[in-house]
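This briefing concerns the arrangement of strands and helices in a protein model. Please consult the sequence and the structure while reading the points below.

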Amino acid sequence: MSSELIHYLNPFKQSILSRESGYFLCRLTGEKFPILNDIPRFCPADNYSESFGFQWNQFDRTQLDVHSGADLSQQRFYAETGWDPQELSHCSVLEVGSGAGRFSEVFLRTTTGVLHSVDYSSAVDANRRNNAAYGDRLQLAQASIYELPFADNSFDKVFCLGVLQHTPSFSDSVAALISKTRVGGEIVVDFYCIKGWHTKIHSKYMLRPLTKRLPKPLLLKLIRFNIRWMLALFDLLCALHLTAITRFIPITDVRGFPRNLSPAQRREWAVMDTFDGFSPEYDNPQRAQDVARMFSSRGCDVTHAGLVHYPGGSGMVVRAIKRVV
Ligand SMILES: C[S@@+](CC[C@H](N)C(=O)[O-])C[C@H]1O[C@@H](n2cnc3c(N)ncnc32)[C@H](O)[C@@H]1O
């Protein structure tokens, strides 16, 4: 295994691309893929994920460990993947759905390897700003999980954290991750889970049909305007041991936030995370055993399917090793 550079291919034809000034050219089809802000773009700028582009360019640094002073992203990354930074330094690694790059930053800071990272939205611009210091070690592209600009069977490690529930087909997304992984390579995903019949009896799922259609700046304004009383009420209900009722306040669950945040930082996290819940086009929570089946039915050995705890939170995680091409 080595931390080699994986070259971009035409995601639609899997044909070779040559780098010209300002774009990648596919000589087979004549297609040009623009390079903007030093980031190749393999998808239309206007797509269902743009609420995330808006979000991550507004809140580009909020959740970055180096900005928050917490190590939540690092704890989550290593607890959920179970990976070793030394080993990772020598692997070909793909991150899908990097957002503003909180996990890209962890990878780049704690290993010496190259990270290939994509996101479908203009969040890639935020990631580039946040991780510019790492230069070519961050190979960033704007692309969809369904049309990844890499050859099949390319990567030793693939991770996709906080993304799959926001894609239109969870199982097609899993298939796409598997296809880019080498035989013997490992895939780690985390996702919103279905905890029971009550999961969708929640202000988020009740209001999303409306809120996801609101203009994004308006939605953000509404959340900002209401955040103080919602936070105060949420905290009060928790203090009174009435946590079950907090699901009816249209605010994110703030209990997993790092303890060291200042009140202003905590409010900013709450605004961002609430927007993150109420704005996306898709929000499809899953059962761990169903996700495990999506991997095993496609030739993978599932090595973990369940909750992973780390200081400050927990995530529903599936890890799998690809066994057959
Ligand atoms: C909740 S954010 C998580 C970002 C980052 N992994 C994190 O945890 O901070 C979900 C991300 O998935 C990306 N995404 C959604 N659909 C995608 C797709 N089809 N292909 C690639 N990325 C996608 C969004 O643009 C967004 O940045």
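**Strands, sheet and packing helices**

Val318 in S11 is the bridge partner of Ala305. This pair is shown in a predicted model, and the points below place the two residues' surroundings in context.

**The pairing of S10 and S11**
- The strands S10 and S11 run antiparallel and are joined by 10 bridges.
- Helix H11 packs on the sheet, where it touches S9, S10 and S11.
- The direction of H11 makes about 150 degrees with that of S10.

**The sheet as a whole**
- The sheet is open and is formed by 7 strands, with mixed pairing.
- Their order is S7-S6-S5-S8-S9-S11-S10.
- Strand S7 (138-142) and S10 are the edge strands, since each pairs on one side only.
- From one strand to the next, the twist averages 15 degrees.

**Helix H6**
- Helix H6, which comprises residues 123-131, lies across strand S6 (115-119) and S7.
- H6 runs at about 165 degrees to S7.

**The buried side of helix H11**
- Helix H11 spans residues 288-296, and its buried residues are Ala288, Val291, Ala292, Met294 and Phe295.
- Why do these residues lie on the same side of H11? They cover an arc of only 155 degrees around the axis, and therefore they are on the same side of the helix.
- An α-helix has 3.6 residues a turn, so residues three or four places apart point the same way.

Methods:
Residues are numbered from 1 along each chain as its sequence is written. This is a predicted model: local features need pLDDT of at least 70, side-chain atom pairs count only at pLDDT 80 or more; totals for chains, interfaces and linings use all residues. Side-chain values use heavy atoms; hydrogens and water are left out. Buried means under 20% relative accessible area, exposed over 50%, partly exposed in between (1.4 Å probe, protein chains only). Helices (H or I, at least four residues) and strands (E, at least two) are DSSP runs, numbered from the N terminus. The arc is that of the directions from the helix axis to the C-beta atoms. Two strands pair if DSSP finds at least two bridges between them. Axes are lines fitted to C-alpha atoms, for helices over the stretch in contact, and angles run from 0 to 180 degrees between N-to-C directions. Contact means heavy atoms within 4.5 Å.
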